[in-house]
Amino acid sequence: MSKMNVLKSVLLSAALSLGLTGGLSAADYPEKPLTLVIPLGAGGSHDLNARVFTSVIPQYIKQAMIVQLSPGASGQKGTNEVAKADADGYTLLFSHNYIDQLQQHVESLPYDPLKDFVTVARINYAPIAIVVRGDSPYKTADDLFKAAKADPGKVRMAHSGNWGALFVPAAQLMQANDLNFNLVPYKGGGPAMQALLSGDADMTMGFPSTLSSLLASGDVRVLATAGDERIYPDVPSFSELGVGGDVGFMHRVVLAPKDIPQDRLDMLRDAFAKLNDDKTYKRLMSRLGENIDYMSGDDYEKLRADQAEAYKTLVNKITGG
Amino acid sequence: MIEAFFTGLGMAMRVDTFIMVSIGLFSGMLIGALPGFTTLMAMAILLPVSFFLEPIVGIPFLLGIYKGGIFGGSIPAILVSMPGTGAAIATTFDGYKLTQKGQSRKALDMALFSSIFGDTSSDIFTLLMIFPIALIVMQFGPPELAAILFLSLVIIAATAGRNPLKGLLMMAIGLWFSMIGTDPIGGVERFTFGIFELKSGIPLLPMLIGVFALPEIVSVFGDRSSHLRGAAKVLGERLKLAEFKQSFRTICRSTMIGTGIGVIPGLGQVVAAMMGYTAARNASPTPEKFGKGELEGVAAAEAANNAVNGPTMVPLLTLGIPGDNVTAILLGAFIAQGLRPGPELFESQGSVVFAILIVMVLANILFLAIGYLSIPFFARIVTIKSSLLIPMVIMFAVAGSYVFRSDVFDILMLAFFGILGVIARAARFDVMPLVMGFILGEPLEYAFGQTMAMADGNFLTFALTERHGMLAILIATPLIGYWLWRRMNKASKPSPVDQLS
């Protein structure tokens, strides 16, 4: 008997040690808390979204998911940490499409987004809106575009940093309409909005979820929103202005190192899919004013490939003059 | 509005609110006292707790962490010369010298009382003046900020010490350090020598611990009479009322400076503490005592950095715009409760906003009690045997540098700045201008870049037609700098002793 026991435990431990790399892993994974790296600072929308889903997801993966903020070098620091981490499914990245797919065309990166990462899930997305002050002379997007065209550099646009979530849609609009805004950077969307309100800037961009209070008080007006469909009944969408497609959307995505074992990836994808039916998750997200437009990892992978191409064209046009 | 205020007052009077504030204050103090763990980190980690509490309980809980954390940062600054945050730098100048003299308890008490005085006054000021402050905030854009940051550097350089050239040199090195990494506007890599870790710039915490704490540790091995060796292993007495009264003018001055700086978006606690300290030394009849264990120096720095807190809440509450990371987390706590701060919230739920502001003021009473009772516990650190204390301090220095970004590279940075600190001390160079140059360099460069972008290639026209405030500050800067430098020189002539020891 005892010999049998010894043999069993030896076999078992051998199987376990093999299991770390082989196919037996699904049953044991995850056996320790997962780390979710956010390549952005504290208090931003990624931080908030992550605080919500990491407090709910332990029910589905039976382990804690710990948020680690790793801002720096426009998101490259945190992204590189995950790219270099073991692809064992214990280190994940919570990023967005501009860091993920645009940066590679602007700078040389120590990683290759498409080769080094695979999508676990898209959590949600946020459409951008063109915003002006309540007393602005620009009543429509057309007024704004005409003014910028007539006198390039006259219209000051406050954005949240080069090649960031407000800069890229502005660049896309400039490219599509052949005009120029005077792009002034600020440290985040909050300070950019403050610049608009104080009169330092003539326009900025913002996510509708963050605008409600200022809209209700009449301090700001929205001139257009991203996408095909209108968000506000009397405000045109980007498509109506002739800028269609995946323009002005920030996709919040969970990525994993590409070499993650398939069964672990499936398990994680499954857990994120289940979040969608979770009542606490839905309640907390709606309080944040965020949508729950989950997209499966496979579907988002197709979108990613398209983004890589579209951003390449955009960057070449903007920087090429 | 008056009605909303009194409804708010009623809402604020809840036992569970004050219990959660107390828990927040104590945990904030503990976390703030651990080098490497910042107040910001503590708030981000504990934010989800507030999701599951009522707004009037959860948000005060976070405010408690914030207040406690800022004071907590001054504890290691005073006891082992290890500023946990930039805000505590000015506290190390006199706080640690007091510990060496065996008066650590007095220094901690002074830090607590002046922090609370500064905090309470600025909170009450904010509560009463919230709308005028909101209007003033709007007057400051990047051009004004750039001019004020430049003025701050000039003030620091002019008052840095007896040898302004040494101070200027150190500041220039600090400014250069701030440029290492990715250019904040253009995104171009500078001075990184191809090292990826340097791309996100030099981390602040390893620099602070390196230049301020490591030279103290090294001096232990060279100096047998050093404090850490056991010369001053006494707690000393608590602060006397007379001593507090003596510093009261300084505390009031620093509170005003801190509140004023809090109104200007983008300056913050580091600048407030430095300016409060500089002003106190400048006004003192015995400026030569500063930096050698002057209680007033601790009071000046601590009152000023806490007085920043109140006004920084204003853009958040009136416009829904967070001015810094701490208020960004608070914004998260608000919106997770379904309350979106902004002009509309004041109209529809003004009482909730007032209730939170009132708790902010009342929390200071709890802060006083909790702080006063826990200081003896913290102060005991200096009585630990030096054979244990020195390894402990080294461990905290290394762990603190690492934990901040969880990056092994930062330990190398710690070693680099430790060596730099030791060399600077041996050569009698003050490291303070270097650190301030480093801290203020990045925002100055950023604000300058923004100003240039706004001017769109036509700076002179821009300044003359649109930005008279910036122009006025720029013209006043050399005059203020010269006046301070003259005063410093006059004051320091009678005593021939070198200021660095």
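Biologist: How many bridges join β5(A) to strand β9 of chain A?

Modeller: This is a predicted model, where local features need pLDDT of at least 70 and side-chain atom pairs count only at pLDDT 80 or more, while totals for chains, interfaces and linings use all residues. Residues are numbered from 1 along each chain as its sequence is written, with chains lettered from A and ligands numbered from 1 in the order in which they are written. Strands are DSSP runs of E of at least two residues, helices runs of H or I of at least four, numbered from the N terminus, and two strands pair if DSSP finds at least two bridges between them. β5(A) and β9(A) (residues 220-225) run antiparallel, and the number of bridges joining them is 5.

Biologist: How many residues of β5(A) are buried?

Modeller: Buried takes 20 or more other C-beta atoms within 10 Å of a residue's own, exposed 12 or fewer, and partly exposed lies in between, with C-beta atoms placed from the backbone. β5(A) is mostly covered, and its buried count is 5 of 5.

Biologist: Over in β2(A), which residues make up the uncovered face?

Modeller: β2(A) spans residues 65-69, and A:Met65, A:Val67 and A:Leu69 form its covered face. That leaves, on the uncovered one, A:Ile66 and A:Gln68.

Biologist: What is the bridge partner of A:Leu36 in β2(A)?

Modeller: Strand β1 (residues 34-38) of chain A pairs with β2(A) in the parallel sense, over 5 bridges. A:Leu36 is bridged to A:Val67.

Biologist: On to chain B: is α2(B) roughly parallel or roughly antiparallel to α4(B)?

Modeller: Axes are lines fitted to C-alpha atoms over the stretch in contact, with angles from 0 to 180 degrees between N-to-C directions. Helix α2 (residues 15-33) of chain B packs on helix α4 (residues 55-72) of chain B at about 30 degrees, with the axes 6 Å apart. Under 35 degrees counts as roughly parallel, over 145 as roughly antiparallel, 65 to 115 as roughly perpendicular and the rest as oblique. So α2(B) and α4(B) are roughly parallel.

Biologist: Which helix gives the most to the side of chain B that touches chain A?

Modeller: Residues are in contact if their C-beta atoms, placed from the backbone, lie within 7 Å. The contact takes 39 residues from chain B and 43 from chain A. With 7 residues, the top contributor on the chain B side is α16(B).

Terms used. Two residues are in contact if their C-beta atoms, placed from the backbone, lie within 7 Å.
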